[in-house]
Amino acid sequence: MPDPTPTRRPTTLVIGASAAGLLAAAALADFADVTLLERDTLPDGPRSRRGVPQARHAHLVWSGGVRAFDALLPGLVAGTVERGGRLVHIMRDMVSRAPNEVWFRRFTATHHHNLVCSRDLLDSVMRDHVLADARITLRQRTTVLGLTGDSTRVTGVRAHTGDEELPLPADLVIDASGRGSRAPRWLGELGLPPVTEREVNAGLVYATRVFRAPPGTAGTDFPLVNVQANPAKTPGRGGIILPVEGDRWIVTLSGTRGGEPTSDPDAFTDFALGLGDPVIGELIKAAEPLGEVTTTHATANHRRYYEKMQRWPSGFTVLGDAVASYNPVYGHGLTVAAQGALALRDVLRTTDLTAPGTARRLQRAATRPVAAAWDLAVGQDVFYPGATDTPPRLLETLLARFVDRAVETGAANPRALGALLDVMSMERPATRLFSPDMLLPMLFGPRKPPLEAAPLTQEERTRATT
């Protein structure tokens, strides 16, 4: 009997070798041959690149993202830790003040861990894992100019590479090009109506400087130190010390309209001392800076509601920051990227990639983690003056009050803290805040008095300041 004709594997183009693009490629490789289209030249090793402008600032991956990383790319988290990253226990290894100015007690009973390292290291480990897959091809110095096809089906892209413009066909095109995505324009060129968009802009400015870790903390698991801004007191100012590989501290300060940090290195420590609590400034006063101050102004929450469009073409899906980008202070971007890629894989395990309607299913599935992170970010930022053209809705105000109460309860009760972290870490939906684990301690206690100062031990303070 003659051999059957081999079945052609579908082809997929992923626009952007960002974290969202790399994770999407990993999710798709079981179902299609994948080509990553990247306009930059990717560096070898953990070095910064132009296409990730916020890479110099503090980054972390919440435990919901850590789980998604392990599911998509087994060995990625362990490989990052082997090269200097840390799995930081929340709250044992954190000193954190909530937006309502409540200090969390450093409970040890929760299971949550954040992955902490420089963004350059994480991207490097991720590239190594993803590009080792023979089913994934990287095409660098390639800029996508638009989509091919029509309003019912996308058949590929038009790309500029080298000195030529050429069509690149595909069964599925994934846009993972980030905040600067041109998907709304590309869809308009195919005859589709504009996508509904919303922006909530707290006017936040980031300023980051890297320091050499104080000698007394080198080689130790010094805790993260996080002072979050209070939306009820404008301008909102906050900061974080993120101990990372190479015995370095990434220190990121932030401020909203009227209270923005500057790139002036002489003003950096004074700004930190002027936060609602001066602990960050006190810890870096004697630390040795390793470079200049880097600032970023593009921090608005911006969402495109592709899942609500009445018409959607087959063969096209948008992921990651190209769907929604968030105020980076909440640290959910990488977790959303990983969970969105995992949602793609889950759909394709039961649905043919080339079947009619698959792209819409993929778009809706990838929107679920987007919506969760959006609600967490906007629920805080909407209260800053000038953040939106309309005042906060009554429901947003009531929910914000409830979350403040939940934070206050979680700061003093480990059972409630577990429920709060399930939501903040994007492991569980927001309805978890209405579970008995939160409501019983909230209503009946037992209550502990709020901490009056940052819960650093005297040993930790001594090691950091001597």
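Which residues have the most contacts inside the largest nonpolar core?

## The nonpolar cores

They are Leu23, Phe69 and Met126, in a core of 49 residues. A nonpolar core is a set of buried Ala, Val, Leu, Ile, Met, Phe, Trp, Tyr and Cys residues joined through side-chain atoms within 4.5 Å. Buried means under 20% relative accessible area, with exposed over 50% and partly exposed in between (1.4 Å probe, protein chains only). Several elements each supply at least two residues of this core, including helix 1 (19–28), strand 2 (33–37), helix 4 (119–131) and helix 9 (358–381). Helices (H or I, at least four residues) and strands (E, at least two) are DSSP runs, numbered from the N terminus.

Met126 touches Ala19, Leu22, Leu23, Phe69, Leu73 and Leu76, leaving aside residues up to four places away in sequence. Touching, or contact, means heavy atoms within 4.5 Å. A second, separate core has 41 residues, among them Val154, Ala202, Tyr305 and Ala373.

## About the model

This is a predicted model: local features need pLDDT of at least 70, side-chain atom pairs count only at pLDDT 80 or more, and totals for chains, interfaces and linings use all residues. Residues are numbered from 1 along each chain as its sequence is written, and side-chain values use heavy atoms, with hydrogens and water left out.

Three strands form an open, antiparallel sheet in the order 12-19-21. Strands pair if DSSP finds at least two bridges between them. Strand 12 (197–200) and strand 21 (324–325) are the edges, each pairing on one side only. Strand 19 (residues 301–304) is joined to strand 21 by two bridges. Here Arg303 stands opposite Ala324.

Helix 9 packs on the sheet and touches strand 12, strand 19 and strand 21. The direction of helix 9 makes about 145° with that of strand 19. Axes are lines fitted to C-alpha atoms, for helices over the stretch in contact, and angles run from 0 to 180 degrees between N-to-C directions.

## Two crossing helices

The axes of helix 10 (residues 394–412) and helix 12 (residues 436–444) come within 10 Å and cross at roughly 85°. That makes helix 10 roughly perpendicular to helix 12 (65 to 115 degrees; under 35 is roughly parallel, over 145 roughly antiparallel, the rest oblique). Phe402, Arg405, Ala406 and Thr409 in helix 10 meet Met438, Leu439, Pro441 and Met442 in helix 12.

## A buried aspartate

Asp422 lies in helix 11 (residues 414–424). Asp422 counts as buried because its relative accessibility is 5%.
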